[in-house]
Amino acid sequence: MSHPPDPVYRHARREAAIILLVWLASTVYSCIYSYLFGYIRTGRPLGPADVHPILGMPSWVFWGIMVPWAICTVFTFWFAGWYMADDDLGSDHAAELETDIREGGLS
Amino acid sequence: MRPDGTRHAEFATLIALVVFTLISLGLGVVANFAAQKRLGFLRKYFLGNRTLGAFAVALTAAVMSGGTFMGFPSLVYKFGWVVALWIASYMVAPLTVLGVLGKRIGQLSRRTGAITLPDLLRERYGSPALGLLTSSLVIFFLTCNLVAQFKAGGVIMKYILPSESVNLFVSENTPATADMGYYLGLAIFTATVVAYTTYGGFLAAVWTDVFQSIIMAVGVVILFPLAWHASGGLEHATSVGMKMVGPGFAFGPGAGRAFHPIGLAISFFFMWAITGMGQPSTMVRLMAFRDSKTLRYSILYLSIYNIIIYIPLIFIFVAARSILPHLAKSDDVMPQLVLTLANPYVAGLILAAPYGAVMSTVSGWLLIISSGLVRDLYQRFLRPTASEREIARASYAATVAIGLLVAIVALRPPEFLQLIVVFASSGMAAAFLVPALMGCFWRRATARGALAAMVSGAVVTLALYVVGTALARSGFDQGIGPPPSKDSPFGAYYLLGFDPCVWGLVASLAAGVLGSLLSPPPDPARVSLLFDVQGADAPAPATIDLHPELGQALE
């Protein structure tokens with residue numbers, strides 16, 4: 001007798017894929033932006049004149065970290081608030097496992 | 001003010017913290033009474049009967065620890081703005097940590113009846129060896145982590161205790177090098193946290209966690225404007241920091257040394273957002289939440305909470321550079337800043353925040369270790385027929401014993417709290433994340449593949465820390481990451497500039513996939529039970545192990 005794939009499994013797989021894509025996008029953007037505009041490296045010395053403060057923080061921190069943080073928070077609200085499915089996770093077999101452990105003994 | 005320039009708390013600060021501690025103990029007592037109404041000791045003591053609400057899941061999964069309030073501020077103070085990039089993956093961490101595995105772990109733990117992580121992996125893959133290995137690794141890594149947390153608790157209490165109370169324990173025979181304030185602080189911390197955790201179990205840990213998380217948020221919200229005002233604003237603080245320690249205070253890769261080069265920046269997007277998914281403490285929460293609606297709301301709450309906590313912490317400790325420019329030990333910056341800025345009663349409340357972070361972390365981890373010992377070793381391998389009463393006594397004894405053992409080790413604690421936290425977190429993620437991911441989403445995953453993934457991830461991470469420590473002991477400085485310390489030469493080896501967590505995860509993934517493909521396919525009945533639609537009367541996997549005839553209908 002074959003059973004169709006569980007809907008919780010299908011929903012969770014789709015949601016996990018989207019989340020991992022968002023993680024990848026935030027990683028790529030923040031690291032590349034910060035490296036290009038906020039890192040001292042060979043041939044690119046930075047000093048007080050390069051801070052360009054926005055709300056008191058260096059501009060690379062604002063654009064490379066705070067802005068994507070805000071965007072990710074908005075996305076999180078949409079994703080968790082509206083997109084994720086409410087699935088029934090099923091009944092708890094903890095008592096059954098307890099019984100199985102006792103029945104199975106040390107075998 | 002002490003001769004070395006550091007400040008000591010006043011009596012009022014101690015009163016505030018005593019009140020805080022008493023409330024935590026009280027919650028432990030209430031949790032114990034609440035849990036008595038429910039059946040099944042292990043399920044209620046270690047998992048709270050899967051009744052966690054969204055607020056509790058969010059605040060207890062906030063991945064805050066002694067590192068958050070002691071180690072992280074220390075890094076910001078020392079290396080400057082680049083530490084904002086170090087923590088930046090918290091922007092997606094609520095989604096990744098709770099959203100990727102949450103639903104499936106919630107479902108699989110119900111279908112298998114699992115109440116611990118070793119339980120879950122053992123039942124998912126049908127492998128006692130995997131359960132045993134998981135228990136052993138959880139105990140090893142969490143014990144390392146607990147030592148760092150106990151140190152943090154002892155250090156905070158040391159600053160809060162009045163000098164007179166410490167002097168009561170000093171005699172002519174006390175060695176000049178003995179730090180009696182720390183020892184006394186450690187003793188008080190240990191007694192408190194072990195008492196309420198042992199008595200109240202999982203619900204006590206969760207309720208105190210929630211209470212303490214709220215206090216932490218209040219502490220940060222109070223401290224932020226005080227630090228802002230005292231420093232003359234972030235722009236001024238940045239300018240002062242650059243004058244003191246160089247332009248690296250405002251830019252990557254950090255002040256004084258290449259603390260966070262781009263390879264490590266990429267690594268730390270794995271570190272918090274991805275390794276957070278593989279922490280046993282997180283997975284236990286994912287087994288304990290009430291339903292999927294609870295999970296959704298907990299992601300929302302955690303997202304808000306991270307903004308309230310982490311972004312202000314960056315600002316506060318950048319500001320600290322201009323408020324406390326000459327601290328001898330950067331690990332002391334949090335208590336020193338609070339004692340400098342706030343009046344004694346407010347200082348007590350704010351210092352309760354890091355103390356609460358440490359307490360709540362310790363309580364959760366103590367229970368995970370004791371559950372590993374009691375459920376996964378004692379009950380599974382020694383006394384399967386033990387009565388509820390016997391299991392309860394074993395659980396209480398295990399929780400107390402672990403707390404005391406860790407406190408003894410913490411009498412001579414290592415430096416760089418945050419590095420130990422990072423080491424243990426990396427190790428656990430490298431060991432457990434891939435087996436959990438494969439178990440949740442890949443039907444072809446096998447027990448051998450999961451074992452290979454677990455061993456490879458743990459071994460690669462450990463090996464890179466062993467090499468890093470050996471290099472540090474020989475006096476070799478890789479020039480990136482935190483500097484090696486003469487007192488505690490414990491460090492990571494950054495192969496090709498990446499943190500060990502990345503290599504551990506890569507090795508674990510490769511071994512898990514190869515190991516699964518090279519081993520025989522898993523039992524189709526077990527896979528169907530965990531991946532397909534099942535009737536309400538479908539058995540748990542352990543039942544079809546005992547009665548294979550039940551599994552034939554599922555194939």
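The model is predicted, with local features requiring pLDDT of at least 70 and side-chain atom pairs counted only at pLDDT 80 or more, whereas totals for chains, interfaces and linings use all residues. Residues are numbered from 1 along each chain as its sequence is written, chains are lettered from A in the order in which they are written, and side-chain values use heavy atoms, with hydrogens and water left out. Chain B and chain A bury about 6,800 Å² between them, and the salt bridges over all chains come to 13.

**Interface between chain B and chain A**

- The contact, defined by heavy atoms within 4.5 Å, takes 90 residues from chain B and 72 residues from chain A.
- Of the buried area of about 6,800 Å², 68% is on carbon and sulfur atoms, where buried area is the accessible area (1.4 Å probe) that two parts lose on being put together, summed over both.
- B:Met91, B:Lys103 and B:Phe251 supply 12% of the area that chain B buries against chain A, which is more than any other three residues supply.
- Between the two chains there are 26 residue pairs in polar contact, both residues being at pLDDT 80 or more; a polar contact is a pair of N or O atoms within 3.5 Å, where within protein one must be able to donate a hydrogen and the other to accept it, and residues adjacent in sequence count only if both atoms are side-chain atoms.
- Helix α15 (residues 292-323) of chain B contributes 13 residues, the largest share of the side of chain B that touches chain A; helices (H or I, at least four residues) are DSSP runs numbered from the N terminus.
- By class, that side of chain B has 53 nonpolar, 20 polar and 17 charged residues, with Ala, Val, Leu, Ile, Met, Phe, Trp, Tyr, Cys and Pro counted as nonpolar, Asp, Glu, Lys and Arg as charged, and the others, Gly among them, as polar.
- A:His93, in the loop between α2 (59-83) and α3 (94-104) of chain A, counts as buried because its relative accessibility is 11%, the classes being buried under 20% relative accessible area, exposed over 50% and partly exposed in between (1.4 Å probe, protein chains only).
- Leaving aside neighbours within four places in sequence, A:His93 is in contact with residues of chain B including B:Arg110, B:Arg111, B:Pro539 and B:Ala540.

**Salt bridges**

- Six salt bridges are counted between chain B and chain A, each being a side-chain nitrogen of Lys or Arg within 4 Å of a carboxyl oxygen of Asp or Glu.
- A:Asp87 pairs in this way with B:Lys103, their closest N and O atoms being 2.8 Å apart.
- B:Arg50 forms a salt bridge with A:Asp92, with the closest N and O atoms 2.8 Å apart; B:Arg50 lies in the loop between α2 (41-47) and α3 (54-60) of chain B and A:Asp92 in the loop between α2 and α3 of chain A, so the pair joins two chains.
- In that pair, B:Arg50 is buried at a relative accessible area of 5%, whereas A:Asp92 is partly exposed at 29%.
- Within chain B, B:Asp119 and B:Arg380 form a salt bridge with the closest N and O atoms 2.6 Å apart; the pair links helix α8 (residues 117-125) to helix α17 (residues 344-382), 261 residues apart, and both residues are buried.
- B:Asp532 forms a salt bridge with B:Arg443 at 3.0 Å between the closest N and O atoms, and these two residues are 89 residues apart in chain B.
- B:Asp532 is buried, with a relative accessible area of 4%, while B:Arg443 counts as partly exposed at 31% relative accessibility.
- Salt bridges that share partners join A:Glu98, A:Arg102, B:Asp119, B:Glu123, B:Arg375 and B:Arg380 into one network.

**Nonpolar core**

- The largest nonpolar core has 206 residues, of which B:Trp81, B:Trp86, B:Leu101, B:Phe150 and B:Phe317 touch the most other members; such a core is a set of buried Ala, Val, Leu, Ile, Met, Phe, Trp, Tyr and Cys residues joined through side-chain atoms within 4.5 Å.
- Helix α11 (residues 180-231) of chain B gives the most to this core, with 20 residues.

**Backbone features**

- A cis peptide bond with omega of about 5 degrees joins B:Gly252 and B:Pro253, and B:Pro253 lies in the loop between α12 (234-245) and α13 (262-271) of chain B.
- A:His52, which is not a glycine, has a positive phi of about 45 degrees and counts as partly exposed at 48% relative accessibility.
- B:Leu496, also not a glycine, has a positive phi of about 55 degrees and counts as exposed at 68% relative accessibility.
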